[in-house]
Amino acid sequence: MENNQRRKGAVRVEPNPKRDAKIHRGAEHHRLKMSDKGRSYLRHNLEVAKQSYFSLLAQPLTTFMTLAVLAIALALPGALYTGLKNLQQLGDGWQGDPRVALYLKMTASDEDAETLSRELLLRDDVAGTELITAQQGMLEFQAMSGFGDVFSFLDSNPLPAVVMVMPRNLSVTEVPLLQAKLQALPQVDEAVVDMEWVQRLAGFVLLAERMVWVLTALFITAVLLVVGNTIRLSIESRRDEIIIAKLVGATDAYVRRPFLYDGVWFGVAGGLAAWVLIQLSLLLLNSPVEHLVRLYNSQFELAGLGFGETILLLILSILLGLAGAWLAVGRHLREIQPQ
Amino acid sequence: MISFDNVTKRYPNGYDALSQVNFSLASGEMAFLTGHSGAGKSTLLKLLMLMERPSNGRVLMGNQDLATLSNRQIPYHRRRVGVVFQNHQLLFDRSVFENIVLPLRICGFDPADATRRARAALDKVGLLDKEKLNPVVLSGGEQQRVGIARAIVHKPQVLLADEPTGNLDPKLSEEVMRLFQQFNQVGTTVLIASHDLGLIARMPHRVITLNRGRLVADGK
């Protein structure tokens, strides 16, 4: 009931353009059309956005300091995320192709190895095999490690023959089962899944992911506080203007708007600066990483932030700027009332 | 246009700024509100601006009970009212013109229209040649005229003034009062709080006298 009355009140309080026109004779047509209202709203938003932009430029030092803090606070989780993504990518490169390496006993001859390899091919759970005889193994080792001369000091080849087994079922549960069965074969000294280090890496990535989330949460809080504090100071410095605006009939939304745009601009500029920081630090890391990768004979390539991630970073930072401003505005504008 | 119906305003500390005040002002009427400082003049104006709410009784403006307005609706109510303050409440970080156009911006007027209206208001108070100046360089009387121009620029139905001549010499005070009369002549309801009894006596308007929150006299 009371709600209803209030709503009625709301209708009546809207200045009636027709009545105004009668009383004041002048052209009072500014409120006649809804489209006019919408246009006026848009125009005001554009104007406020522009004013907010230039007022931030007018205080370059304050703005720069705030932006620097924002950029760093956004860049750190961004960089951690990028690092994490690269680690995951490193793991993914191997994960698609897990193999069980069977290191045969030294007593097994190359013929035994060949026989075993053919026998294994007949099994249901094996998709394929590849034999690396002791001889081949030695040649490969010489070629890849640069320690080729070592063998000339030895009487015999110390390397065992190896049968690489490609499992038919690549699931994380099936591969270890196959590994255990193959381990039990009499000719096999050791069955190793070269997936193990990938699994360890995945474990590490999981841990790192958690850490990135925790740090991201902390830095997001920092961003909110920094924007909030900057906006709070800005509200304080415009106290008189706010009071007068409220006295002549400014809505809360009208008073809030310039500060929200401040927050948005901080978000835009902070996000862009963070992006530059991330890409710059990746550029610095690129050559040592390339060097390392060459040592590992890997195809790995350091990936920066993609297009989608860049957009995400920007959207996130804009939302954070807006949210920080909203927090400050919500708290402090209520306190400022005309007396 | 304005009506006080048995209005009491008690502040939380138990002090009654207004008690059981009854009066009404017809549309297009002009009246003075007088009394010693602390008599309740400012409180009465604050109730009309919805800067305060009455503890008891009803305040009506244009047949609308202000108690039915929620806090969200206060801004729209204030757009119907123009207020002139003793200390002008001008913004010194912008020009005279920008000060005056502010209410129009807030109401969402078209910029060209707003400029035209702001100039017209400045012309009415005789400050058209000073629109680009910062109000800080104007004299007290001129600053008050800027305040008046800002109060009437959006053509409010009601014009309130709180000690508008408080800091002005007699000659300027009379000029300011004459301005209020002019706005009243075109149909605006005007209520002026003032303790300048000499000046009030020389004007042919209704005088409402408050004493310690009570209405003690009401007449010409």
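What distance should the 14 residues of helix 4 (residues 111–124) of chain B span at 1.5 Å a residue? The legends below concern a predicted model, in which local features need pLDDT of at least 70, side-chain atom pairs count only at pLDDT 80 or more, and totals for chains, interfaces and linings use all residues. Residues are numbered from 1 along each chain as its sequence is written, chains are lettered from A and ligands numbered from 1 in the order in which they are written, and side-chain values use heavy atoms, with hydrogens and water left out.

**View 1. Span of helix 4 of chain B.** The helix should span 20 Å, and its end C-alpha atoms are 20 Å apart, which agrees. Helices (H or I, at least four residues) and strands (E, at least two) are DSSP runs, numbered from the N terminus; the expected span is 1.5 Å times one less than the number of residues. Gly126(B), with a positive phi near 75°, follows helix 4.

**View 2. Buried residues of helix 4 of chain B.** Asp113(B), Ala114(B), Arg117(B), Ala118(B), Ala121(B) and Leu122(B) are buried (under 20% relative accessible area; exposed is over 50%, partly exposed in between; 1.4 Å probe, protein chains only). Their cover includes helix 3 (96–107) and helix 5 (140–152) of chain B, contact meaning heavy atoms within 4.5 Å.

**View 3. Ala120(B) in helix 4 of chain B.** Ala120(B) counts as partly exposed because its relative accessibility is 42%. Between Ala120(B) and Val153(B), 33 residues apart in sequence, the C-alpha to C-alpha distance is 8.1 Å.
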